[in-house]
Number of protein chains: 2
Amino acid sequence: MNDDRILLAHGSGGRLTHDLIRQVFLPRFRSEALGKLADSAVLDSPGSRLAFTTDSYVVKPLFFPGGDIGKLSVCGTVNDLSVVGAAPRCLSCGFIIEEGFALPLLERIADSIRAAAAEAGVEVVTGDTKVVEKGGADGLFINTAGIGVVPPSVDLSADRIRPGDRVLINGGIGEHGLAVLVQREGLRFQSEIRSDCAPLHRLAADILRASPGVRFMRDPTRGGLATTLNEAAGGREWGILIDEEAVPVCDAVRGLCEILGLDPLYVANEGKLVAVAAAAEADRVLAAMRANPLGAGSRIIGEVVEKPRGRVVVRSAIGGLRVADMLTGEPLPRIC
Amino acid sequence: MNDDRILLAHGSGGRLTHDLIRQVFLPRFRSEALGKLADSAVLDSPGSRLAFTTDSYVVKPLFFPGGDIGKLSVCGTVNDLSVVGAAPRCLSCGFIIEEGFALPLLERIADSIRAAAAEAGVEVVTGDTKVVEKGGADGLFINTAGIGVVPPSVDLSADRIRPGDRVLINGGIGEHGLAVLVQREGLRFQSEIRSDCAPLHRLAADILRASPGVRFMRDPTRGGLATTLNEAAGGREWGILIDEEAVPVCDAVRGLCEILGLDPLYVANEGKLVAVAAAAEADRVLAAMRANPLGAGSRIIGEVVEKPRGRVVVRSAIGGLRVADMLTGEPLPRIC
């Protein structure tokens with residue numbers, strides 16, 4: 001670490017978050033499962049393989065177009081289980097509440113958790129409530145941890161990615177981060193951008209059914225698509241080449257990103273899934289994704305290449321190439 | 001709810017916390033496992049029985065005699081697994097950090113998590129880091145969730161408690177809550193009170209080995225011993241009679257409680273375990289507890305009685321009886 005204070009960027013999901021994890025947490029919590037830095041730890045349990053994951057949600061504001069902190073706290077954790085190939089099974093739910101928080105809001109958020117859990121087919125089986133004095137926290141934070149069951153045949157890992165593989169995504173990027181930003185800053189903008197927040201367990205299962213040999217899946221949340229691809233490619237013998245024209249970005253996101261000087265490749269999603277599949281299976285995976293209501297806008301957006309090793313490169317509409325590094329700094333704090 | 005705002009007492013672990021859970025969360029998150037309100041949910045998983053639990057830690061200050069937020073976040077969750085009879089196996093760890101937090105402090109706390117996890121024989125297998133802007137949180141909050149494996153033969157539940165059973169505890173009460181309070185308020189007090197924060201997995205295993213038929217175990221944390229006993233007795237066909245003279249309270253805790261007007265029965269512990277065992281097995285359980293380093297001060301402190309039903313009654317040194325209800329209000333916020 002260059003600095004001895006925590007910066008907002010340490011929570012960005014990008015470069016500094018990775019530094020923090022690698023320099024502070026990994027050396028201390030020596031664990032094979034943790035060291036894989038997957039979205040969920042996969043545990044070999046007697047008689048079953050379990051996936052285990054956690055996320056804290058500090059989104060501000062608590063309600064935004066397309067979702068709220070309750071829905072987010074279910075979908076985010078369900079998705080982390082889904083992308084390691086697990087069938088999500090149950091959640092824990094820990095609330096940290098600021099004194100004075102309005103009870104009707106808490107009820108609305110609990111309703112939203114219930115609805116999202118029902119949609120995702122998971123049960124909230126254990127919980128905890130802490131209250132801190134006024135000013136000790138900002139309204140409400142929620143932590144969920146989740147357990148899922150991983151079928152014995154599933155083996156998803158960036159280790160299995162090979163040059164020639166194709167990279168797919170299930171629709172337009174950047175919607176969640178911008179929806180929260182617009183709501184928080186009270187920006188006036190002609191077309192409403194709604195968060196894509198959704199549970200991806202069925203989409204992930206559809207992909208695994210279509211192509212049991214699919215290499216890798218991940219949900220590009222904090223840090224966006226570019227950061228997620230960098231997490232996969234970092235330190236590898238191969239790289240990823242993304243065709244920028246193929247990456248779905250809706251007009252509203254594109255327009256707002258231009259105004260704000262943001263790159264949609266770095267804006268968070270909460271209902272997107274990146275899959276890497278062998279070239280021969282890519283069309284079958286694409287068809288399965290498109291057949292799912294959450295994958296109608298699926299596209300093949302790039303491929304795994306021999307060079308440059310360990311990097312993500314974006315080919316622009318006019319054919320130029322640029323390196324898309326991991327997110328640095330924190331342009332959009334508290335979006336999840 | 002009488003009020004429509006969250007009060008500090010909603011996080012006390014006492015009456016209002018229970019109201020919040022029963023009125024807001026349980027009706028929404030309908031779940032058999034959650035409805036049992038045990039310290040961990042016990043899940044029948046293919047081939048194994050799992051315990052799953054979560055707690056958020058918001059203790060202030062972060063460091064106190066006998067522990068810190070890191071040690072607490074491991075022990076608290078390990079203990080919730082232990083008291084349902086599970087062998088703790090792995091933890092998740094979610095950090096919510098205030099911007100500007102000193103990195104060396106975070107490292108010290110991570111070291112403490114590592115040491116406590118090693119002592120408890122658990123691995124931190126998955127984690128999450130969020131950073132909120134300065135003023136958005138008070139330093140650092142930690143959530144841990146834990147998974148443990150429950151042996152098929154274990155069946156611990158307040159449902160199994162019967163009149164005549166004995167109530168045991170492994171040592172002096174009130175130390176954790178007062179240690180944090182003294183540190184936070186900068187109280188000058190002749191003898192140092194240290195938190196009893198410790199992992200209870202071995203003690204719980206020793207009890208189960210000594211008496212496989214032990215009825216019930218729980219760790220009396222927020223709300224203290226009286227609240228924990230009320231949680232067990234509430235709505236039952238029996239009550240609990242505690243012999244106040246038999247309850248271990250060290251001189252320092254007794255003295256400070258007198259000065260501050262607190263009842264040690266309501267002060268939080270983080271290294272105590274209450275067990276209920278059949279009368280015929282109580283001495284064997286007691287011997288097993290005393291043989292454990294964390295149980296040297298174990299005592300039989302009371303018994304399960306036919307009447308008054310559903311209540312906890314305390315017999316004082318001079319023979320008077322008083323009802324010890326669940327904690328109301330929040331005399332000691334942010335002690336865990």
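## Domains of chain A

Chain A is assigned domain 1 (31-150) and domain 2 (158-323), the bounds coming from an automatic or database domain assignment. Over C-alpha atoms, the centres of domain 1 of chain A and domain 2 of chain A are 23 Å apart.

This is a predicted model, in which local features need pLDDT of at least 70 and side-chain atom pairs count only at pLDDT 80 or more, whereas totals for chains, interfaces and linings use all residues. Residues are numbered from 1 along each chain as its sequence is written, and chains are lettered from A and ligands numbered from 1 in the order in which they are written.

## Where the domains touch

In chain A, 23 residues of domain 1 are in contact with 22 residues of domain 2 (C-beta atoms, placed from the backbone, within 7 Å). On the domain 1 side, two or more residues each come from helix H3 (69-82), strand S5 (87-98) and helix H4 (103-120) of chain A, helices being DSSP runs of H or I with at least four residues and strands runs of E with at least two, numbered from the N terminus. The largest share of that side, 8 residues, belongs to H3(A).

## A sheet in chain B

In chain B, 5 strands form an open sheet of mixed pairing in the order S1-S2-S7-S5-S6, where two strands pair if DSSP finds at least two bridges between them. Strand S1 (41-45) and strand S6 (123-132) of chain B are at the edges with a single partner strand each, so one side of each has no neighbour in the sheet.

Strand S2 (residues 48-57) and strand S7 (residues 140-150) of chain B run antiparallel and are joined by 9 bridges; B:Asp55 has B:Thr144 in S7(B) as its bridge partner.

Key. Two residues are in contact if their C-beta atoms, placed from the backbone, lie within 7 Å.
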